[in-house]
Amino acid sequence: MVKLTPGRFGAGRKTGRLDAGPSLFSERARSGLTLLVALLVAFPVAAVAWIALTGGIGANWQHLWETVLPGYVLNSIKLAVLVGIGVFLAGTACAWLVTMHDFPGARFFEWALLLPLAMPAYVVAFVYTDLLEYAGPVQGGLRDLFGWQTPRDYWFPEIRSLGGAAFVMTMSFFPYVYLLARTAFLEQSLCALEVSRTLGCTKWDAFRRVALPLAWPSIMVGIMLCLMETLSDFGVVDLFSVQTLTTGLFNVWLVMGDAAGGAQIALVLLVFIAGLVWLERRGRIRRAYYVQTSRMRAPPRRKLSGWLGTGASLLCFLPFFCGFLLPAAILVRLSGARLSDALSLDFAALVVRSVTLGGVAALLCVAVAVGLTYSTRLGVSRPAALAARAASFGYAVPGAVLAIGVLVPFGFFDRTVNGFMEGVFGVSVGLILSGTVAALLFAYLVRFLTLAHGTVESGLKRVRPSLDMAARTLGRGATGTLRDVHLPLIRGSLLTAILLVFVDVMKELPATLVLRPFNFDTLATTAYSLAADERFAEAALPSLAIAMAGLLPVLFISRAITKARDFGASPETEVLM
Amino acid sequence: MTADMKSHRRKRRLAVLLIGTAAMAAGFLLGEIRSVSAEEAGQVDVYSYRQPYLMEPLFEAFTEETGIKVNMVYAKAGLLERLKAEGEAGPADMFLTADLPRLVEVQEAGFAAPVMTDTLSANIPAQYHEEEGRWWGLTQRARVVYASADRVPKGELTSYLGLADEKWKGRICIRPGDHPYNLGLTAAMIARHGEERTKEWLRGVKANLARKPQGNDRAQVKAIYEGQCDLAIGNTYYMGKMLADPEQRKWAEAAYIIFPDQDGAGAHVNISGATVLEGADNREEAVALLEFLSGDKAQEIYAQSNYEYPVKPGVPWSDTVKSWGEFKADTVDLAVIADLHDEALKLVNEVDFNAGS
């Protein structure tokens with residue numbers, strides 16, 4: 001029968017094991033499979049590291065280090081710090097207001113604050129450049145108003161600058177923090193907050209000393225995601241002419257044709273991010289908080305009226321306006337005359353292809369994430385657990401570099417197979433995987449697994465181990481427990497993971513451009529090609545379509561999260577508990 | 001009981017959803033893979049750094065004439081890396097670029113196959129192709145100076161070196177120095193004046209910049225129109241494209257073209273071109289496409305719709321291009337410029353050109 005080994009389980013490092021018994025794979029098989037999948041996903045990143053480490057230090061490094069690289073590194077750090085602070089403030093403040101308070105528009109902002117996720121950062125950057133640059137309508141209007149003639153007559157913040165890039169990225173990425181902070185606030189037991197109030201905390205203290213530390217791990221995960229996006233971004237910094245590590249990387253790799261040098265810079269970036277992740281995890285282990293009670297009560301919303309209410313509305317409106325409403329409005333205006341094109345068959349085909357690609361990639365990522373997380377929960381060997389962790393670094397690698405990391409092993413595999421077939425059977429089969437949708441999907445898996453993995457993992461961690469044990473005692477095997485207990489319980493996390501990956505795949509550009517099959521266009525590549533041809537008005541339509549396609553799942557997910565608010569009271573969970 | 005039934009229903013719904021999604025995904029994948037691997041005769045597969053909307057009319061004309069279908073992957077960067085990973089077994093038959101250095105990179109990586117036919121050598125003069133036909137230039141464009149029609153009297157600037165003159169302080173706009181077009185110009189300056197003098201020149205131009213290098217060539221002309229700067233550096237064909245655009249026409253009309261160094265070595269020209277790849281499955285079709293692109297019909301499309309200078313002698317320039325007048329072009333060996341590409345980037349980095357003045 002099922003054998004249970006009690007131990008510390010689920011929270012922090014795992015030492016205890018829950019033997020799966022005969023119903024699932026043995027621990028060794030499970031470890032092997034986990035290791036295999038994780039290594040497969042980690043392969044492209046490893047390929048980049050391999051190119052970097054075997055390349056030797058070329059003359060280009062020295063040249064770069066003596067000239068521009070220190071400045072690039074500094075810019076990357078500045079950008080990361082600014083965006084980190086920005087997304088923390090915007091994401092946490094909005095989440096706290098919306099979750100715990102009632103003010104005009106609160107219900108609307110609950111989901112509306114997720115919408116900036118659907119808007120590609122490079123599109124937002126483009127819209128703001130058009131609006132705020134010297135030749136744009138804002139400065140032009142000011143000049144007309146005050147009679148200024150040249151740029152020397154007045155001062156105006158330059159949008160194509162580090163500050164401008166930080167602003168655009170903050171407005172595009174803060175929903176990650178908002179999403180995770182909100183989920184964390186919702187799941188906090190109200191008791192903790194109430195107890196703190198009876199112990200004499202003010203409302204602000206209750207937030208600062210109880211709610212924030214409890215939600216901190218989730219908030220940090222959000223900030224980390226934003227930082228990875230920031231450091232691997234090329235589109236925004238390229239448009240704004242802000243020289244970062246990514247700029248240096250592209251110069252070395254693609255202009256100087258020095259693959260090793262480029263890979264080395266990518267590796268520096270990766271080590272930087274791994275360091276951040278490690279610091280964050282260490283911090284979390286040292287300050288572990290657990291919610292002891294299982295009796296969740298939906299937190300009542302405090303009513304904010306008068307000035308406070310207006311202030312809260314305004315505070316939530318601002319990031320929503322900057323990150324979604326304004327860019328969307330401008331895109332609608334730009335594409336206005338061409339909206340009829342949206343009805344064309346070609347355009348419909350484009351939408352279907354993008355949505356299907358995003359959907360398939362999202363399901364793939366979530367399936368792999370559930371597999372990795374659950375097998376780790378059941379207990380796997382240490383190398384397998386480590387590999388599962390390493391599998392999530394693809395997010396920190398710039399898309400174009402990752403594409404090359406995918407090309408190298410795929411190309412090697414294909415050439416080997418082709419060589420074998422030619423040698424043995426005398427027929428050339430060509431390349432089986434390179435340049436197919438499979439390569440593209442694999443790249444998405446590698447790049448976006450982190451999003452799914454982090455979300456699913458945090459969801460599964462909150463399911464108490466006693467539930468596993470109860471299910472096992474009642475005769476469910478490991479698979480049965482997953483199907484009947486875990487998956488229904490973490491439904492919200494699963495949906496969130498699917499949404500995040502879907503929306504990101506819709507927006508992804510550099511890897512898609514390089515890896516795609518012949519004559520294969522998505523909404524993102526079409527928008528890009530049109531913009532490259534300076535047909536901005538036409539590029540607005542597919543850009544808008546990307547945002548619109550993201551809207552639906554965003555609404556869906558937001559509803560699911562709000563429903564989770566009533567978690568404790570639902571009859572289904574009563575039965576399960 | 002109720003909960004049990006509910007969960008049962010939910011499970012069934014989930015199963016239907018999952019199976020449905022899986023079926024859709026499988027169908028989608030199969031369809032995509034099949035459409036890719038359907039490598040019948042009468043196709044040619046192209047990797048292109050040139051924009052799809054420029055190439056499509058040319059490809060359509062080719063297909064109409066020969067019945068051969070053209071498949072394309074377009075990207076701004078990274079296609080050479082894809083080629084390297086795929087090797088000669090890869091599907092690509094031809095590589096198109098917007099500048100020569102990247103064509104030479106393909107050659108140096110060993111992927112450029114020699115192609116020499118009577119049609120090609122009759123259409124394209126010797127200085128625009130590699131000796132054995134490993135790459136062929138298809139169009140040329142000059143990198144010139146745009147000057148404000150109101151604020152820069154004719155004749156005030158005559159050379160590239162003049163851009164470093166102090167009188168232009170705070171008056172010049174340019175796109176980032178590490179863009180291939182600017183690297184090409186810098187490489188040409190190195191070929192002409194040597195490294196030291198070119199570095200001095202870059203420093204001087206940087207000191208004269210009105211703003212940090214940013215945007216593309218058109219954005220510089222827009223900045224002249226808006227009064228942000230008086231001189232800008234750009235490729236000739238953008239002028240034609242702006243004149244043809246109702247919204248951008250006014251930008252172009254605010255500026256005129258100066259062909260520099262007309263008393264000296266001539267204006268810097270670069271070429272866009274193509275190469276047929278080693279191990280091409282559809283070599284015959286690829287050669288046919290290359291010949292077509294060098295022929296009258298294609299050269300005229302290039303000239304009329306993209307305002308470039310055709311490489312084939314005798315093909316008429318577009319009226320817009322004619323209005324800028326004849327000019328003397330730099331005759332330095334294009335391969336030399338491609339070789340100096342890395343040096344150029346190093347100089348640009350050394351003076352930290354992109355930081356602006």
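How many residues of chain A are in contact with chain B? In this predicted model, local features need pLDDT of at least 70, side-chain atom pairs count only at pLDDT 80 or more, and totals for chains, interfaces and linings use all residues. Residues are numbered from 1 along each chain as its sequence is written, and chains are lettered from A and ligands numbered from 1 in the order in which they are written.

The contact joins 48 residues of chain A to 51 residues of chain B. Two residues are in contact if their C-beta atoms, placed from the backbone, lie within 7 Å. On the side of chain A that touches chain B, α2 (59-66), α11 (245-255), α14 (345-378), α16 (399-425), α21 (510-515), α22 (523-532) and α24 (571-576) each supply at least two residues. Helices (H or I, at least four residues) and strands (E, at least two) are DSSP runs, numbered from the N terminus. The most comes from α16(A), with 8 residues. By class, this side of chain A has 24 nonpolar, 18 polar and 6 charged residues. Here Ala, Val, Leu, Ile, Met, Phe, Trp, Tyr, Cys and Pro count as nonpolar, Asp, Glu, Lys and Arg as charged, and the others, Gly among them, as polar.

The largest nonpolar core holds 291 residues. Such a core is a set of buried Ala, Val, Leu, Ile, Met, Phe, Trp, Tyr and Cys residues joined through C-beta atoms within 7 Å. A residue is buried if 20 or more other C-beta atoms lie within 10 Å of its own, exposed if 12 or fewer, and partly exposed in between; C-beta atoms are again placed from the backbone. C365(A) and V501(A) touch the most other members. Helix α7 (residues 162-187) of chain A gives the most to this core, with 17 residues. The core lies between domain 1 and domain 2 of chain B, because both give residues to it. Leaving aside neighbours within four places in sequence, C365(A) contacts L445(A), F448(A), L449(A), A452(A) and V501(A).

Chain B divides into domain 1 (43-139 + 270-316) and domain 2 (140-268 + 327-355), with bounds from an automatic or database domain assignment. Their C-alpha centres lie 27 Å apart. The contact takes 14 residues from domain 1 and 15 residues from domain 2. On the domain 1 side, α4(B) gives the largest share, 4 residues.

Helix α5 (residues 121-132) of chain A has 12 residues. Of these, 9 are buried, so α5(A) is largely enclosed by the rest of the structure. Among the buried residues are Y122(A), F126(A) and Y128(A).

Terms used
Expected span 1.5 Å × (residues − 1).
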